[in-house]
Amino acid sequence: MKHSHFRRLLLALCLSLAAVNGQAANTTQLALNLPQLPSPESSLAVELGGYDVTPFATIADGQLQLRLDMALAPGDYELQVLAFAPNGDIQSLLDQVLTITAPSEPSGQWSSQLSLDSSYRLDASEPDDYQAARHLASQGGWALRAAQLQDNLSLTVELDALYDSTSENLGNNTGTEWALPSYRIEARHQGATLSAGAMVGNVRIEQQDLLFSMFQRRGAEVRIGNASQSTELRLFKVNSEPSTRVDEALVLPGQTLRGQGATLNTHLAGDALMLKLGYVDGKTQLGGAGVYAPGDPVVYGGDSWNLGLDSYLMEQSIWLHAEYAESRFDSDGIDLGADAEQDSALQLLARLQSGALPTGPLDYWTATLQHQKVGAQFYSLGNLTLPGDVALNRLVTQLGRQSINLNFEWSSEQNNQADDPALPTQTLARQMLTVNYVPMLEPGSALAVLGAPSATLYISETQHSQPDSNAQTVGFDLDNLTHEQSVSVNFSQSTWSWGLQWASTRFDDRSEAVSLNGYDIYQPGSDMENRMLGLNMSWMPSTRANVNLFTQFNRQTQTDLGDTYYNRNLGIDTLLQLIPEKLVLSLNYNYGADRSELANPAFIEDDFLSHFGNGQLTWMALAAKGNTPGVNVYLRGSYGRQDNRAFAWAQEQWSAHAGIELAWSAGDL
């Protein structure tokens, strides 16, 4: 059956939840004997794990009693108890290491959040347009979290499921209305010296480096490390293709599409020197180089590894990072055609920031310098978005003083690292400056009448070019410059706010025409200018009403051709509580107008209008409280009209829906 995998998952989750019982240990109560008691006039100071817990400490019956409104994690905590006498004498009552162990009794927490929105289409302007759509449509989501702790063992369950009765997956025979973006079932053991765990579900490698970039795939993994987790080894086996389907293998697919990998993170000398090692490989049957292999589908893929060193110095005011990675990738089919190609990548980073380093006249500052070089054939299953054949140099700085914050970035990218004569060597250089100003005004000042102000200035320049000699090789020239500037000013009051935005973009194409054998094979495009002016306003006269308004004007000019394009947009939305917390009306409307002025009278100029609006009346039938779900019933209507006045053509559509919304939340996690 197409839902068998999902049902097996739900059964596993139910069995896991059955083990989660009792209430969580949300408090910590400690009673410690004092070798000596302070005088009644003395005042206490109690520090636990570097935190002042004096307000939670009392002395009774010769004991220090601590009651914290939180559960302390297992581990060692330094406890110091001092008594301050009125004459200035300081008496040490306790100075010891307190060991907190995992509770012997099982403790568990869980939470479940469910939302569902079902609507029925009552009527529509063009019923034929909705022949393939159901009258009843539902969308929803379910988020489940559960955790159980007993002694040194813990079990956690996570599930995020989505339901959509109109899902595009329904168009095929294997489609399903359910999607499963994420799920995890993990068991861990936390010992005095070692920790270990095993997990099935979404394997997540959160680190950002050459090998991984927030990598996530379905699979299974095991972890082992020391108790402090300063050293940890992860081994995982995953589906090399991303998937959110519930009618596919929830852990691992067939042997062909599997990937596997490992990561090792360890502190060689505390934060002063840390080592990172990683390995990942994967195979797939999709795409390929077009090699025909009768019988079994062509399988291609590769593997990669990296080694990284990190050093944090001077209370983390200095961070140094060096990383090297290599890969082998077979793009025309494993065991077919040419051998796998090997390539490498290198990254160097240095970040300096205020803290232990002097700030000078500034309140804070930071500077990051990056060099990254990625080979044309470098590949990693864990970082498929990493661009290849690029050398990047980048400087990012941020500094602030009082009400001013400044960000500056410079970068330069260049391809064709192997100097292949058949490829162009292109350079992309950027400079960007952002200045934020949030002044602190004296109450009653003239400017404060307009609202609390804030302003942002943005300036950037981007140049994209290649040597003139490459034009004949690749058939086009590349030499352009883009300037961008924008200013935004905003004012905010307790009941209203408003802001102005202005932006300008100029594109200057300085490339030259390219001819081959007397024929033009490339002609430069026109220079362009774009201007934008925007205004937004928000008004909330009471907790029962708010109104938002925006308008925007754009003008784009192709300066070489003399063509100009105009665009206007006006929008408004409002929310009114007709009966507080019972009956709510929401309305929104958008108007757009596009027109053009063309230098060539043979071309028809644009003249286009659009109107879109939505309205919804919601009755809050049942308010969510505790484990009781919230229920809303609504009537919703939509309207849209498009007018192409240049061709005397118009289209109008509307629809009306009735629906119900369910929101349920329960649990103690």
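Predicted model: local features only at pLDDT ≥ 70, side-chain atom pairs only at ≥ 80, totals over all residues.

**A walk through the model**

Guide: N416 is buried, at 5% relative accessible area; buried means under 20%, exposed over 50%, and partly exposed in between, with a 1.4 Å probe and protein chains only. Residues are numbered from 1 along each chain as its sequence is written, and side-chain values use heavy atoms, with hydrogens and water left out.

Visitor: Fine. Where is the place of N416?

Guide: In the loop between strand 22 (404–414) and strand 23 (427–437). Strands (E, at least two residues) and helices (H or I, at least four) are DSSP runs, numbered from the N terminus.

Visitor: Which backbone nitrogen lies 2.8 Å from a polar atom of the N416 side chain?

Guide: That of D420. A polar contact here is a pair of N or O atoms within 3.5 Å; within protein, one must be able to donate a hydrogen and the other to accept it, and residues adjacent in sequence count only if both atoms are side-chain atoms.

Visitor: And what does N416 touch, not counting residues up to four places away in sequence?

Guide: D389, L423, P424 and T425. Contact means heavy atoms within 4.5 Å.

Visitor: What about strands 22 and 23 themselves, what links them?

Guide: E413 in strand 22 and R430 in strand 23 do, as a pair 17 residues apart. Their side chains meet in a salt bridge at 3.1 Å, N to O, the criterion being a side-chain nitrogen of Lys or Arg within 4 Å of a carboxyl oxygen of Asp or Glu. E413 counts as partly exposed because its relative accessibility is 24%, and R430 is partly exposed too, at 27%.

Visitor: How many salt bridges does the structure hold?

Guide: 18. One of them joins R510 and D479, with the closest N and O atoms 3.7 Å apart. That pair links distant parts of the chain, 31 residues apart: R510 is in the loop between strand 26 (496–509) and strand 27 (514–516), and D479 is in strand 25 (residues 479–492). R510 is partly exposed at 34%, and D479 is partly exposed at 23%.

Visitor: Which residue does D607 meet in a salt bridge?

Guide: R645, at 3.1 Å, N to O. D607 sits in strand 33 (residues 607–622) and R645 in the loop between strand 34 (630–644) and strand 35 (649–667), so the pair ties together parts 38 residues apart in sequence. D607 is partly exposed, with 26% relative accessible area.

Visitor: Which residues are linked in a network of salt bridges?

Guide: E206, E221, R223, E232 and R234.

Visitor: Switching to S182: buried or exposed?

Guide: Buried, since its relative accessible area is 8%. S182 is in strand 11 (residues 178–190), and a polar contact of 2.6 Å joins its side chain to that of R204. Leaving aside neighbours within four places in sequence, S182 is in contact with L159, D160, N202, R204 and Q216.

Visitor: What forms a nonpolar patch on the surface?

Guide: L268, L273, L277, Y279, W305, L307, L309, Y324, L346 and L348, with about 780 Å² of accessible area together. Patch members have over 30% relative accessible area and no salt bridge, with like charges joined within 9 Å and nonpolar side chains (Val, Leu, Ile, Met, Phe, Trp, Tyr) within 5 Å. Strand 17 gives the largest share, three residues. L348 lies in strand 19 and is partly exposed at 39%.

Visitor: And the chain overall?

Guide: The chain has two helices and 35 strands. Of its 669 residues, 32% count as buried.

Definitions and conventions:
Areas by Shrake-Rupley, 256 points an atom, 1.4 Å probe, with all protein chains shown as cover.
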